[in-house]
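Subject: Structure handover and findings

Dear colleague,

Please find below the structure for your review. My notes on it follow.

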Amino acid sequence: MAAAVPLLHTRSYSLNLFGLISRIQELDRGLMNNDYHKATARRLEHEAPSPFSPTEDAILSAALAHVPTHGFTTTALTHGARDAGYLDISTNLFPTGAFSIVNFHLVTQRLALAKHASSLQPHADIATNIRSLALHRLHANKPIAHRWQEALALLSTARHIPTSLRELALLSDELLFLAGSTTVTSAWYTDRAALAAIYAGAELFMTQDRSKGFAETEEFLTRRLEEGEKVRGGLDMVGKWVGMQAGGLVDGLRSKGVWI
């Protein structure tokens, strides 16, 4: 039986929130000048293709169904391979092990946002659309919310941080694009970094939310988005605001008994 993934290293993940602005800026120099603009052009023509092969998709989809019981572990990955009709050795297709399941969930749920975007109100403003899309993405974590601390622990390890931040950057790209923000300006880069930090904070908050239907997470996200709107106007101001929000999130989790 595979060893269980340790609980979330909350201190590590919180520190990642503090450094998020600078890391997103670093990604801007390469990712935004290449992947995003190419991906945007493709999305204007047709839906983005899946980055997973049919075999990978079959195994990882099946593995996700075992996460509620077995967590984000190699045990879930092995069960997924068996359910998909493959031998246990097929898990060697995934050199990052259990992280492959986490990454599969992140990527497929990001791509699935395009379908939800078609249900947005046609005359709603960008802020309203962002809230709707971000909530929809958070709700996709509901079936595995009790296991998401394990996912965040994997995302926070040094080996996976570059992939984690890149995927978070792509998610904020997707949220802005689908919400109607398609013009790339200096303000757009600021919005992107701030939105990434807000969403990451909401995911972390959700791991401790015991309210019915994750109502408190919804309220948390709404407050942070409204506060973010009020401080728009400069990257330095947004950076300070994200730092304060990360600090406030840490204090809030401490009050719930989480060691940080």
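**Salt bridges and burial**

Arg192 is buried, at 0% relative accessibility; buried means under 20% relative accessible area, exposed over 50% and partly exposed in between, with a 1.4 Å probe and protein chains only. The model is predicted, so local features need pLDDT of at least 70 and side-chain atom pairs count only at pLDDT 80 or more, while totals for chains, interfaces and linings use all residues. Residues are numbered from 1 along each chain as its sequence is written, and side-chain values use heavy atoms, with hydrogens and water left out.

Arg192 meets Asp173 in a salt bridge (2.6 Å, N to O), a term that denotes a side-chain nitrogen of Lys or Arg within 4 Å of a carboxyl oxygen of Asp or Glu. Asp173 lies in helix H9 and Arg192 in helix H10, so the pair ties together parts that are 19 residues apart in sequence. Helices here are DSSP runs (H or I, at least four residues), numbered from the N terminus. Asp173 is likewise buried, at 1% relative accessibility.

The whole structure holds 7 salt bridges. Another of them joins Glu218 to Arg131, with the closest N and O atoms 3.0 Å apart. This pair links distant parts of the chain, Glu218 being in helix H11 and Arg131 in helix H7, 87 residues apart. Both count as partly exposed: Glu218 at 29% relative accessibility and Arg131 at 30%.

**Helix H7 and its surroundings**

Helix H7 covers residues 126–139 and reaches 20 Å from its first C-alpha to its last, close to the 20 Å expected (1.5 Å times one less than the number of residues). Its buried residues include Ile130, Leu133 and Arg137.

His116 belongs to helix H6 (residues 99–117) and is buried, with a relative accessible area of 16%. The side chain of His116 makes a polar contact with that of Ser132 at 3.2 Å; such a contact is a pair of N or O atoms within 3.5 Å, in which, within protein, one must be able to donate a hydrogen and the other to accept it, and residues adjacent in sequence count only if both atoms are side-chain atoms.

**Nonpolar cores**

Which residues have the most contacts inside the largest nonpolar core? They are Leu133 and Leu221, in a core of 28 residues. A nonpolar core is a set of buried Ala, Val, Leu, Ile, Met, Phe, Trp, Tyr and Cys residues joined through side-chain atoms within 4.5 Å. The largest share of this core, 8 residues, comes from H10.

Yours sincerely

Definitions and conventions. Helix = DSSP H or I, 4+ residues; strand = E, 2+ residues; numbered from the N terminus.
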